[in-house]
Amino acid sequence: MTLDGEALEQLRKRARSGGADKYHAANAAKGKLFARERVALLVDEGSFVEDGLYANALADGLPADGVVTGTATIDGRQVCLMANDSTVKAGSWGARTVEKIIRIIERAYSTSVPMVYLVDSAGARITDQVDLFPGRRGAGKIFWNQVRASGSIPQVCALFGPSAAGGAYIPAFCDVVAMVDGNASMYLGSDRMVEMVTGEKTTLEAMGGAKVHTAESGVGHFLCKTEADALDVVKTYLSYLPANWTQQPPTAPAVDAPAKADLAALVPASERQAFDMRRYVKGLLDEGSFFEIQALWAKELTIGFGRLNGEVVGVLGNNSMFKGGVLFVDSADKATRFVQLCDAFNVPLLFLSDVPGFMVGSAVEKQGIIRHGAKMITAISEATVPKICVVVRKAYGAGLYAMAGPGFEPDATIALPTAKIAVMGAEAAVNAVYANKIAAIVDEAERAAFVAAKRAEYEQDIDVVRLASELVVDAIVEPHDLRAELIRRFAAARTKDRTFSRRRHGVTPV
């Protein structure tokens, strides 16, 4: 086939126009942008270089075979990206769709730049299953490449529509997933398939919608109102990370903490009174720099990126506003993944401890709280980036271990004057040791006096000055000095040796 300039331009125009007008209109009615509009909004103007535009050009109604792939820059930094075109057979995968996705991930990995996934796909085309599903370059190769790239390059997904069946694993293998409320969904089987197999009547939204995955399952990380918001999440996320595992996170101009932040006033004197760790984090970091991740899921643990004097840090803080800050199965998993993410991309870790420990009881034991807690402690142990533990108010039981306590080789354990470190709180400890004696005291006043005396003894035993004198903590720092102390200590730890263990890899307590 010989093409003159006009014929080639027509072929190019058809490939770039996507599917039929009615599919564009249907998407617009749902507030959905065309795939190429999403790319244009995300990347620097004029930077996108497309590959595979003419994929399946000889077929009828399959422009670019339903996926846009190529390279571009975001804020001047190189990335690779793919974007499903849901106007072409609902963004479903054919053999060339799969090959294009495989190739762009391979390019991201080989050139050591971030990979961005703009997902809106109904899954595989069943009619093409022999060509796209089982072979060496079939759909499985997409996931193999994602796993190989994990921790080597950042991988971030914005989900605008469905991510169905096996395709749901593309978001699952990404570092973070931004989901557009009302349109985005992830599911292994459609509502019709679920009813056929299990008899359950459900909907895609109820089973795998954005709210479900960002607040209940934890597979999604950001719930976004609009597509523009989801694209902003992609940009912001990448702004905290290096291009690949061999580089350091990008610095930004140093900014002071909020002028009105009074860290001492944020922490109540009584450990029974809750306070919002998110406010504490924002008052400690450079103003406006905190980027919270998974804000709606396992809220008893607050995680996210921020900056101290312009340098990126990853923050984990127990939030007593939710479930008293106790660690549950989900919060342990949340911490595990975030610690591994930070360690992979050279982001120092700051632990802000106000933790009563892990949850107890038959329900959580049946959920595997020990196993999930072990995963968290494994991640803390294996992390070799600079890590500092700050005991803001309390660190009880295995919660101390899970928040990078002294036994886990933090670069420093810092205690605030309000800090308490113990196997358990005073009330629980006195009851555990003296339960029978307390029950035997008939006089109410005498019983109260006995309990108060024993609590005072216990509090003296775990006094923060005693802990410092025994070198359990490295420093006792006033709240108004904490930020400066952290800046100095993280700077000193920047060149630390990051070897950990003589092995290929550990056996994770999955």
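This is a predicted model: local features need pLDDT of at least 70, side-chain atom pairs count only at pLDDT 80 or more; totals for chains, interfaces and linings use all residues.
Residues are numbered from 1 along each chain as its sequence is written. Local features need pLDDT of at least 70, side-chain atom pairs count only at pLDDT 80 or more, totals for chains, interfaces and linings use all residues, and side-chain values use heavy atoms, with hydrogens and water left out.

Reader: How much space lies in the largest cavity?
Author: A cavity is a set of points, on a 1 Å grid over the protein atoms alone, where a 1.4 Å probe fits but cannot get out. Grid points are joined across faces, edges and corners, and a volume is the space filled by probe spheres set on the points. The search of the whole structure finds 1 cavity of 30 Å³ or more. The space in the largest cavity is about 50 Å³.

Reader: Which strands each supply at least two residues of the lining of the largest cavity?
Author: Lining residues have an atom within 4 Å of a point, and here they include Met 82, Asn 84, Trp 93, Val 119 and Ser 163. Helices (H or I, at least four residues) and strands (E, at least two) are DSSP runs, numbered from the N terminus. At least two lining residues each come from strand 3 (77–84), strand 4 (115–121) and strand 5 (155–164).

Reader: How do the residues of the lining of the largest cavity divide into nonpolar, polar and charged?
Author: Ala, Val, Leu, Ile, Met, Phe, Trp, Tyr, Cys and Pro count as nonpolar, Asp, Glu, Lys and Arg as charged, and the others, Gly among them, as polar. Gly 123, Gly 167 and Ile 170 are among the lining residues. The division is 5 nonpolar, 5 polar and no charged.

Reader: Which strand gives the most to the lining of the second largest pocket?
Author: A pocket is an open set of grid points with protein on both sides within 12 Å along at least five of seven lines. The second largest pocket holds about 810 Å³ of space. Of its 37 lining residues, the closest to the centre are Ala 122, Gly 123, Ala 164, Ala 165 and Tyr 187. With 4 residues, the element that gives the most to this lining is strand 5.

Reader: How many charged residues does the lining of the second largest pocket have?
Author: Elements that each supply at least two residues to this lining include helix 6 (140–149), strand 7 (185–187) and helix 8 (191–198). By class, the lining has 18 nonpolar and 13 polar residues, and the charged residues number 6.

Reader: Is Val 98 buried or exposed?
Author: Val 98 lies in helix 4, and contact means heavy atoms within 4.5 Å. Not counting residues up to four places away in sequence, Val 98 touches Trp 93, Leu 132, Arg 137, Gly 138, Ala 139 and Ile 142. Buried means under 20% relative accessible area, exposed over 50%, and partly exposed in between, with a 1.4 Å probe and protein chains only. Because its relative accessible area is 0%, Val 98 is buried.

Reader: What phi does Ser 112 have?
Author: Ser 112 is placed in the loop between helix 4 (95–111) and strand 4. It counts as partly exposed because its relative accessibility is 27%. Its phi is positive, in a residue other than glycine, and lies near 60 degrees.

Reader: Which residues are in contact with Ser 289, leaving aside its neighbours within four places in sequence?
Author: Ser 289 is found in the loop between helix 13 (277–284) and strand 9 (291–293). At 7% relative accessible area, Ser 289 is buried. Leaving aside neighbours within four places in sequence, its contacts are Tyr 240, Phe 305, Gly 306 and Arg 307.

Reader: What is the phi of Asn 346, which follows helix 14?
Author: Helix 14 (residues 329–344) has 16 residues and reaches 23 Å from its first C-alpha to its last, close to the 22 Å expected at 1.5 Å a residue. That expected span is 1.5 Å times one less than the number of residues. Among its buried residues are Val 329, Phe 338 and Leu 341. Asn 346 follows the helix with a positive phi, near 65 degrees.

Reader: How far apart in space are Pro 356 and Gln 10, C-alpha to C-alpha?
Author: Pro 356 lies in the loop between strand 12 (349–355) and helix 15 (362–367), and is partly exposed at 32% relative accessible area. Its contacts, leaving aside neighbours within four places in sequence, include Gly 324, Lys 394 and Tyr 396. Pro 356 and Gln 10 are 346 residues apart in sequence, and their C-alpha separation in space is 66 Å.
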